[in-house]
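Me: Can you walk me through this model? I'd like to go over the fold, a pocket and a couple of residues.

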Amino acid sequence: MIISLILSLILTQCAELFAVFLLGARKCSEFYTVFLVNVITNPAAVYIAELSRMFFSQAIAFCALIEVIAVITESFLYGKYLDLKLLKIHNSFIFSFVLNSLSFAAGVGVNYIQEVL
């Protein structure tokens with residue numbers, strides 16, 4: 001499970017930091033904020049999702065709930081610590097939703113590739 005947590009965090013950081021760059025971030029503090037928010041939320045979300053897969057048959061619904069909670073938590077943190085006026089998306093909830101959607105899609109893609117190989 002530790003390897004899963006580490007790989008998920010690395011994939012999330014790569015996807016979201018690249019997305020933030022595309023959305024107009026250029027200051028180190030903007031990248032650092034996104035990095036720290038991911039360090040705070042990603043391991044907890046992945047750990048809870050992994051546990052849910054072990055114990056619940058309807059883990060996908062539980063994972064969706066975890067993602068919603070992550071988006072809300074991150075949108076609060078981005079609204080508080082990131083100057084979104086400088087970026088292309090000014091709403092912290094939409095900003096968090098876009099970043100989480102991207103990293104979630106990247107994770108689904110990696111899982112699919114792992115299953116095929």
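Reply: First, a term: a polar contact is a pair of N or O atoms within 3.5 Å; within protein, one must be able to donate a hydrogen and the other to accept it, and residues adjacent in sequence count only if both atoms are side-chain atoms. This is a predicted model, where local features need pLDDT of at least 70, side-chain atom pairs count only at pLDDT 80 or more, and totals for chains, interfaces and linings use all residues. Residues are numbered from 1 along each chain as its sequence is written, and side-chain values use heavy atoms, leaving out hydrogens and water.

Me: OK, which backbone oxygen lies 2.7 Å from a polar atom of the Arg26 side chain?

Reply: That of Phe21. Leaving aside neighbours within four places in sequence, Arg26 is in contact (heavy atoms within 4.5 Å) with Phe21 and Phe31.

Me: Where does Arg26 sit? And is Arg26 buried or exposed?

Reply: Arg26 is in the loop between α1 (2–22) and α2 (28–55). Helices here are DSSP runs of H or I with at least four residues, strands are E runs of at least two, and both are numbered from the N terminus. Arg26 is exposed, at 54% relative accessible area; exposed is over 50%, buried under 20%, partly exposed in between, with a 1.4 Å probe and protein chains only.

Me: What about Ser103, buried or exposed?

Reply: Ser103 counts as buried because its relative accessibility is 10%. This serine lies in helix α4, and its side chain reaches the backbone oxygen of Asn100 at 3.3 Å. Beyond neighbours within four places in sequence, Ser103 is in contact with Thr12, Ala15 and Glu16.

Me: Zooming out, how many helices and strands are there?

Reply: The chain has 4 helices and 0 strands. Its C-alpha atoms fill a box of roughly 40 × 25 × 20 Å along the principal axes, and 35% of the 117 residues count as buried.

Me: What share of contacts between residues at least 6 apart join residues at least 24 apart?

Reply: In this chain, 63%.

Me: Last topic, the pocket lining. How does it divide into nonpolar, polar and charged?

Reply: The lining of the largest pocket has 13 nonpolar, 11 polar and 5 charged residues. Ala, Val, Leu, Ile, Met, Phe, Trp, Tyr, Cys and Pro count as nonpolar, Asp, Glu, Lys and Arg as charged, and the others, Gly among them, as polar. A pocket is an open set of points on a 1 Å grid over the protein atoms alone, where a 1.4 Å probe fits, with protein on both sides within 12 Å along at least five of seven lines; lining residues have an atom within 4 Å of a point.
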